[in-house]
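Try each task before you read its solution.

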Amino acid sequence: MARSAASSIRRVASLATPLALALPVMVMAAPGARAVGMPQLDFANPLVIGQVVWGAVIFLVLYLLLSRSALPKVEAVLTSRRQTIDNDLDIARHAKAEADSAVDELHQARRTAMAEAQANVDKVIEDARLAALRQTQEMNARLATEIHEAEARVASARSAALGSLRQIADDTAQVLVRQITGTSVPADVVARTVDHAATARGL
Amino acid sequence: MAAGSTIDALGQFELHPVLGGLGEALRFSQSPLMMIVASVAVLAFLYIGMRPRAVVPGRLQAAAEICYDFIHNMAVDTIGPEGRAFFPFVFTLFFFILAGNYLGLLPFSFAFTSHVAVTVALALMVFVLSVIVSLKAQGAKFFAHFMPAGAPVALAPLLVPIEILSFLSRPVSLSIRLFANMVAGHVMLEMFAAFTIMLAGLGLIGDALAVGPVVINVALMALELLVGALQAYVFAILTCIYLREAVAH
């Protein structure tokens, strides 16, 4: 855009230059026409050049006032606004970061609490399991002891019963032999025969 | 003013001393007076507009800030980072010309930008500034610009005078453009206003017909508002372009 503007100004300038050069020449060539010509080209009028001098002074004063006082005031307001906005954004960003870290902490705490609770639950279950196991073992041991004792009692009762069975068998055999044969057989023969028969029967 | 059947369209550009004998002695005409009014208006606009110094600006402050940003962006975008140094100058130039153009549209006022002496002075100021900046920034390399890069050396006798002429015609075109635009606008306003007065002298039909030039003048006033802003903008942007070329290495 700047390039096209520069080229267009060159084109306009090439047209304007002869005109600008011609204007003073025309004015000078026709001094009589000055009164009816453009007042802007009436350089005999001291006011025409006077406005240039005044214009220079006024422009300089305006430039100094603008550059030293008025424009810095505007800039100060714009800068302070930019800073205010930046500060506010910083504060907002800071607050957001704090909130984020608080949320993170909360999640962390929640995770930790969950892990602790899970560990406690696991421990309680494990304890209960161990206790149950121990109780079962104790119970089994006691039952085993009782069974053992009962078996011992049964065995002793059996052996006691078996011990008296021999005596009864001996007596019975003696009585049977006496009643059948009418003779008395010596006790040691009866005992030996019964013993033999019992052994043959696996008793 | 319309005097009889002739139209004096150029009389409005005549300079008259103000403040009587003192004005005559100081060469103080209505033109410098309007320059002062324009300067005071620009300064008042900024000072009063920026007085609230509000973070959230009101209308006038927003307008002042928009003006500041507009010229600041123009200067920095066109000239480059060095444009910050020239920003107050471009700002002064733009608003001095804009206020001058717009003040000239008020009744009983005077457009100092319609005087070629003023526009030439402004253009020469820009031209001299750009030459000084060029010499300061580029030194003797500045003169190398008069020979376009890549052009055959044999064409130098032709190209160099053309480039020099085109360079020297910058202040001429810059000043004539503003001057001619303002003069043309004010002459047209004066002509159509005179038509109204002349038609009004024709009796009842003339009274009815005289409405036409008034309507045209309303449209012309709108056009002049556009031209006034446009010419101030063109003057300022061309100043920025010249300064860009001056600071470019």
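**Exercise 1: the interface**

Task: How many salt bridges does the rule find across the interface of chain A and chain B, and how much area do the two chains bury?

Solution. Across the interface of chain A and chain B, the rule finds two salt bridges, a salt bridge being a side-chain nitrogen of Lys or Arg within 4 Å of a carboxyl oxygen of Asp or Glu. One of them joins A:Arg81 to B:Glu65, with 2.8 Å between the closest N and O atoms. Next comes the area: about 4,600 Å² is buried between chain A and chain B, and 77% of it is on carbon and sulfur atoms. Buried area here is the accessible area (1.4 Å probe) that two parts lose on being put together, summed over both. Finally, chain A gives 45 residues to the contact and chain B gives 59 residues, where contact means heavy atoms within 4.5 Å.

A note on the source: this is a predicted model, in which local features need pLDDT of at least 70 and side-chain atom pairs count only at pLDDT 80 or more, while totals for chains, interfaces and linings use all residues. Residues are numbered from 1 along each chain as its sequence is written, chains are lettered from A and ligands numbered from 1 in the order in which they are written, and side-chain values use heavy atoms, with hydrogens and water left out.

**Exercise 2: the annotated spans**

Task: What is the helix content of residues 45-66 and of residues 92-160 of chain A?

Solution. Start with the whole chain: chain A has three helices and zero strands, helices being DSSP runs of H or I with at least four residues and strands runs of E with at least two, numbered from the N terminus. An unreviewed UniProt entry places a "transmembrane region" at residues 45-66 of chain A; such annotations may be inferred rather than shown by experiment. That span is 95% helix and 0% strand, and its end C-alpha atoms lie 32 Å apart. The unreviewed entry in UniProt also places a "coiled-coil region" at residues 92-160 of chain A. Here the chain is 100% helix and 0% strand, with 100 Å between the end C-alpha atoms.

**Exercise 3: one residue in helix H2**

Task: Where does A:Ile49 lie, and why is it classed as partly exposed?

Solution. First, A:Ile49 lies in helix H2 (residues 46-181) of chain A. Then check the class: A:Ile49 is partly exposed because its relative accessible area is 43%, and buried means under 20%, exposed over 50%, partly exposed in between (1.4 Å probe, protein chains only).
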